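Subject: Structure handover

Hello,

Here is the structure I promised. Please look it over; my notes follow below.

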Amino acid sequence: MKTDNFVILALLFLALMGAAIGFAWEATRDTTRAAALYLDQCASCHGRALEGQSGWRQAMFDSRSAAPPLNGTGHASLHSDDMLLRTMMRKAWPGVGHTGPQVGAKYPDEEFQELLAWIKTHWPKRELSYQQNLTEWAEERTGPR
């Protein structure tokens, strides 16, 4: 009887460890993929350290602005996840939103979600908390938007 309990506990322990290792591997893989996507598609404008372009607060003559920082010092944390994902996936209308490359069709939605999650790991705690609350509020809203 004691041997049966030991075997069951050992198998349970191994299964839990395997699951934990699998989750850790998946998180690392996703982070790597998101970082590579950022470097490939975003860093040329938003900066390798997510610092943005100088003068991003001033409008330019073509009604657009320079790329804002994505490191938590810009305005990204003032938008819900839904708004940020929609902005990342499309090219902007004149004077509105994202003017970066049209990449929405090149990548599945899951990669954009991973990219946004990776970007948010660079935000200060206060901005991240504010943005998470805003996202929850926006998801609970009903009616036309």
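In what order do the elements of the chain run from the N terminus on? They run α-α-α-α-α. The chain has five helices and zero strands. Both are DSSP runs numbered from the N terminus: helices are H or I with at least four residues, strands E with at least two.

Some ground rules. This is a predicted model, in which local features need pLDDT of at least 70, side-chain atom pairs count only at pLDDT 80 or more, and totals for chains, interfaces and linings use all residues. Residues are numbered from 1 along each chain as its sequence is written, and side-chain values use heavy atoms, with hydrogens and water left out.

The whole chain

The chain has 145 residues, and 32% of them count as buried (under 20% relative accessible area; exposed is over 50%, partly exposed in between; 1.4 Å probe, protein chains only). Its accessible surface is about 10,200 Å², by the Shrake-Rupley method with a 1.4 Å probe. Carbon and sulfur atoms hold 62% of that surface. Take the contacts (heavy atoms within 4.5 Å) with a separation of 6 or more: 52% are between residues 24 or more positions apart.

Helix 4 covers residues 109-120. Its twelve residues should span 16 Å, taking 1.5 Å times one less than the number of residues. The end C-alpha atoms are 17 Å apart, which agrees. Its buried residues include F112, L115, L116, W118 and I119. E111, E114 and K120 are also buried.

Helix 3 (residues 81-89) crosses helix 4 at roughly 115 degrees, and the axes come within 10 Å. Axes here are lines fitted to C-alpha atoms over the stretch in contact, with angles from 0 to 180 degrees between N-to-C directions. From helix 3, D81, L84, L85, M88 and M89 take part. They meet D109, F112, Q113, L115, L116 and K120 in helix 4. By class, that contact has seven nonpolar, one polar and three charged residues (Ala, Val, Leu, Ile, Met, Phe, Trp, Tyr, Cys and Pro are nonpolar; Asp, Glu, Lys and Arg charged; the others, Gly among them, polar).

Helix 5

T135 sits in helix 5 (residues 125-140). Is T135 buried or exposed? T135 counts as buried because its relative accessibility is 6%. Beyond its neighbours within four places in sequence, T135 contacts S80 and D81.

E139 lies in helix 5 too. E139 is exposed, at 60% relative accessible area. E139 and S80 are 59 residues apart in sequence, yet 8.6 Å apart in space, C-alpha to C-alpha.

Best wishes
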